[in-house]
Amino acid sequence: MSGGASAKTYSGGCHCGKVRFQATAPLEFIDECNCSICTKKGFLHLIVPRDRFELLAGRDDLTTYRFNTGVAQHTFCRHCGIYSFYVPRSDPNKVSVNVRCLDGVDCRQITPRPFDGRHWEQAMDDRARSTTG
Ligand SMILES: [Zn+2]
């Protein structure tokens with residue numbers, strides 16, 4: 001815990017406003033993934049522990065899309081279709097929040113880290129090595 005950006009509580013949600021959540025994390029490590037679904041969603045990942053994420057509204061308005069291994073739960077609002085957060089395959093015990101869906105965050109000021117989700121296994125290996133080294 002040295003030198004990083006400090007954690008802040010952000011609120012966010014989908015476009016129509018039925019899905020609302022709060023997440024507490026530093027806006028520090030934002031991942032942009034090139035896998036088949038993230039590319040199309042335009043998702044900017046901020047991964048937060050489950051106890052730092054609270055769904056405030058919209059539990060019944062969420063629908064889940066699964067594919068491939070089925071581990072990731074791609075939740076989206078069934079009214080407006082926006083993916084504001086989901087449970088990622090890389091961290092099934094965490095929640096990946098879409099930085100684009102956070103209130104008051106200007107995505108032009110964010111420089112995401114590239115994540116090679118098209119070669120997922122290799123990318124996870126590389127990341128494990130770089131964060132433990
Ligand atoms: Zn919505």
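**Exercise 1. Zinc site**

Task: State which spacing the donors of the zinc ion follow along the chain, and describe the site.

Solution. Step 1: the donors of the zinc ion are spaced as C-x1-C-x60-C-x2-C along the chain. Donors are N, O and S atoms within 2.8 Å of the metal (3.2 Å for Na, K and Ca); water is not among the atoms, so sites may look incomplete. The model is a predicted one, in which local features need pLDDT of at least 70, side-chain atom pairs count only at pLDDT 80 or more, and totals for chains, interfaces and linings use all residues. Residue numbers start from 1 along each chain as its sequence is written, and side-chain values use heavy atoms, with hydrogens and water left out.

Step 1: the SG atoms of Cys14, Cys16, Cys77 and Cys80 coordinate the zinc ion at 2.3 to 2.4 Å.

Step 2: the angles among the 4 donor atoms are 105 to 116 degrees, and the site is tetrahedral. The term applies to four donors if all angles lie between 85 and 135 degrees.

Step 3: Cys16 lies in the loop between strand 1 (8-13) and strand 2 (20-25), Cys80 in the loop between strand 7 (74-77) and strand 8 (85-86), and this pair, 64 residues apart, links distant parts of the chain. Strands (E, at least two residues) and helices (H or I, at least four) are DSSP runs, numbered from the N terminus.

Step 4: Cys16 has a relative accessible area of 37% and is partly exposed; Cys80, at 26%, is also partly exposed. Buried means under 20% relative accessible area, exposed over 50%, and partly exposed in between (1.4 Å probe, protein chains only).

**Exercise 2. The hairpin and a loop residue**

Task: Describe how strand 1 and strand 2 are joined, then find the positive phi values in the hairpin and at Asn68.

Solution. Step 1: strand 1 and strand 2 run antiparallel and are joined by 6 bridges. Two strands count as paired if DSSP finds at least two bridges between them. Gly13 is opposite Arg20 in strand 2.

Step 1: the hairpin has 6 residues between its strands, and Gly17 has a positive phi near 95 degrees.

Step 2: Asn68 is not a glycine, yet its phi is positive, at about 55 degrees. Asn68 belongs to the loop between strand 6 and strand 7 and is exposed, with a relative accessible area of 68%.

**Exercise 3. The open sheet**

Task: Give the order of the open sheet of 5 strands and trace its pairing.

Solution. Step 1: the order is 8-9-4-3-10, with mixed pairing. Strand 8 and strand 10 are the edge strands, each pairing on one side only.

Step 1: strand 4 pairs with strand 9 (residues 94-98) in the antiparallel sense over 5 bridges, and Val48 has Val95 in strand 9 as its bridge partner.

Step 2: strand 3 and strand 4 are antiparallel, over 2 bridges. The bridge partners in strand 4 are His45 for Asp31 and Leu44 for Glu32.

Step 3: Lys94 is in strand 9 and is partly exposed at 32% relative accessible area. Lys94 and Asp51 are 43 residues apart in sequence, with 8.6 Å between their C-alpha atoms.

Step 4: Arg113 is in strand 10 and is partly exposed at 28% relative accessibility. Arg113 and Phe29 are 84 residues apart along the chain, and their C-alpha atoms are separated by 7.0 Å.

Conventions. Four donors count as tetrahedral if all angles lie between 85 and 135 degrees; four count as square planar and six as octahedral if opposite donors are over 155 degrees apart and all others between 65 and 115; anything else is irregular.
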